[in-house]
Amino acid sequence: MELLTSYTLGELRERFKELGLEAYRANQVLNWLYKKFEVDFLNMTDLPKVHRELLSRHFRTHTLEPIHRATAEDSVKYLFRTQDGHIIETVLIFERDHLTLCLSSQVGCAVGCRFCATAKDGLLRNLTTGEIVDQYILVQRETPQRIRNVVFMGMGEPLANYEGVRKAVEIMVSPWGIELSKRRVSISTSGLVTQIRRMAKDPLLKGLNLAVSLNATSQHLREFLMPISKTNTLKELMQTLVELPYPSDRRIMLEYVLIKDVNDSEAQAKELAGLVAPYRRKFKVNLIPYNPDPSLPFERPPMERVYAFQDVLRSYHISTFVRLSKGLKVFGACGQLRSKRPELMVK
Ligand code: SAH
Ligand code: SF4
């Protein structure tokens, strides 16, 4: 069976014609799916019954199977099973006045950051466009309030799954699709320089928010924490970001996970300030206190240390925010997402 969420409107109109349906029926079907989040063809009542039956035979409206949800005060973590038996995670975050959905883009991740639980599995595979869009549809279906903010900060490196993520974004921001504002969609990358440049030239992706995980102020430490940095060096990354065309009323987010006694000293704060201050109008810094995970050897610094680090950056007039990850209690916070969950595997 074909998966509906893997088609753009244009592609679906062509496919419908091949099946002997009028092209405008594709608009009607996507309207049900992306405006009303209806996943059962039989309920799509403005289509003739024979069409609804034909569509049910040819298409699935989603492919992920929800297997678990963990609710906390500030978030809900969803676990989904893919057709081939992987477990992926999606986290709905309750912000003060809106909802944000944190999406996964890959099963596992090849980047191998030492402080991230997702890295432990290596890369198992890219998620398909349909699997990325499904995460949104399935969570929105059971959420009364509209989800208007999406961040690619779940499992995986979104820019290493460029095509899959790109098409999912197309579905999410198009008027015929979920119709999110591009300004409310963020892509977080570990710093793949070539892909960042490609994104900046891409008419579809260049209007999104860009977040870059920096995490260290020296090449030596960054290479230790994020092996990707051997080929995407800190210098090259900063240079790329400084030269990147970016709307002047918006900032590139630099993410910095603060890990106790690894990258949280005052000297390191000054080094970071040195890197960022000359371009302070282009960046803002998000400090993320490290989220512990039983499989990882690091610790979170005391909050005084976090605020002292922030104070240093602020003294250089750099916009700096402390982001306490939501979802800590349900292991849904940054760096805690794992695809291998032995306790959840079906025998
Ligand atoms: N792969 C992308 C997006 C997913 S990771 C990236 O690395 O940017 C999303 C964010 O979580 C990144 O900023 C990453 O540095 C951060 N992160 C990873 N492990 C973490 C941990 N244990 N505690 C806090 N943040 C973590
Ligand atoms: Fe991959 Fe991001 Fe985790 Fe690094 S922090 S291993 S890039 S998911």
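The structure is a predicted model, in which local features need pLDDT of at least 70 and side-chain atom pairs count only at pLDDT 80 or more, while totals for chains, interfaces and linings use all residues. Residues are numbered from 1 along each chain as its sequence is written, chains are lettered from A and ligands numbered from 1 in the order in which they are written, and side-chain values use heavy atoms, with hydrogens and water left out.

Helices (H or I, at least four residues) and strands (E, at least two) are taken here as DSSP runs, numbered from the N terminus. Burial is judged by relative accessible area: under 20% is buried, over 50% is exposed, and values in between are partly exposed (1.4 Å probe, protein chains only). By that rule 7 of the 7 residues of S4 are buried, so the strand is largely enclosed by the rest of the structure. Ser75, Lys77, Leu79 and Arg81 point one way from S4, while Val76, Tyr78 and Phe80 point the other way. Serine 75 counts as buried because its relative accessibility is 0%. The side chain of serine 75 also makes a polar contact with the side chain of aspartate 74, at 3.0 Å. A polar contact is a pair of N or O atoms within 3.5 Å; within protein, one must be able to donate a hydrogen and the other to accept it, and residues adjacent in sequence count only if both atoms are side-chain atoms.

S4 has pairing partners in S3 and S5, where two strands pair if DSSP finds at least two bridges between them. Strand S3 (residues 65-71) pairs with S4 in the antiparallel sense over 6 bridges, with arginine 69 opposite tyrosine 78 of S4. These two strands form a hairpin with 3 residues between them. Strand S5 (residues 87-94) also runs antiparallel to S4, joined to S4 by 7 bridges, and here lysine 77 stands opposite valine 91 of S5. The S4 and S5 hairpin has 5 residues between its strands, and glycine 85 in the turn has a positive phi of about 90°.

Strand S12 (residues 252-258) and S13 run parallel and are joined by 7 bridges, one of which links leucine 254 with valine 285 in S13. S13 spans residues 283-289 and is mostly covered, with 6 of its 7 residues buried.

Contact in general means heavy atoms within 4.5 Å. Not counting residues up to four places away in sequence, arginine 15 touches Glu2, Tyr7, His58 and Phe59. Tyrosine 162 lies in helix H5 (residues 162-173) and, with a relative accessible area of 6%, is buried too. Leaving aside neighbours within four places in sequence, tyrosine 162 is in contact with Gln195, Arg198, Met199, Asp202 and Leu205. With aspartate 202, a side-chain polar contact of 2.8 Å is formed.

Turning to the ligands, a residue is counted as near a molecule if one of its heavy atoms lies within 4 Å of it. Ligand 1 is surrounded by 19 residues, the closest being Phe115, Gly156, Ser188, Ser213 and Asn291. A backbone N or O atom of threonine 189 lies 3.5 Å from an oxygen atom of ligand 1.

Around ligand 2 are Cys109, Val111, Gly112, Cys113, Cys116, Ala119, Gly156 and Ser190. This shell has 5 nonpolar, 3 polar and no charged residues, where Ala, Val, Leu, Ile, Met, Phe, Trp, Tyr, Cys and Pro count as nonpolar, Asp, Glu, Lys and Arg as charged, and the others, Gly among them, as polar. Cysteine 109 is buried, with a relative accessible area of 10%, and cysteine 102 is buried at 8%. With a disulfide taken as a pair of cysteine sulfur atoms within 2.5 Å, the count of disulfides is 0.
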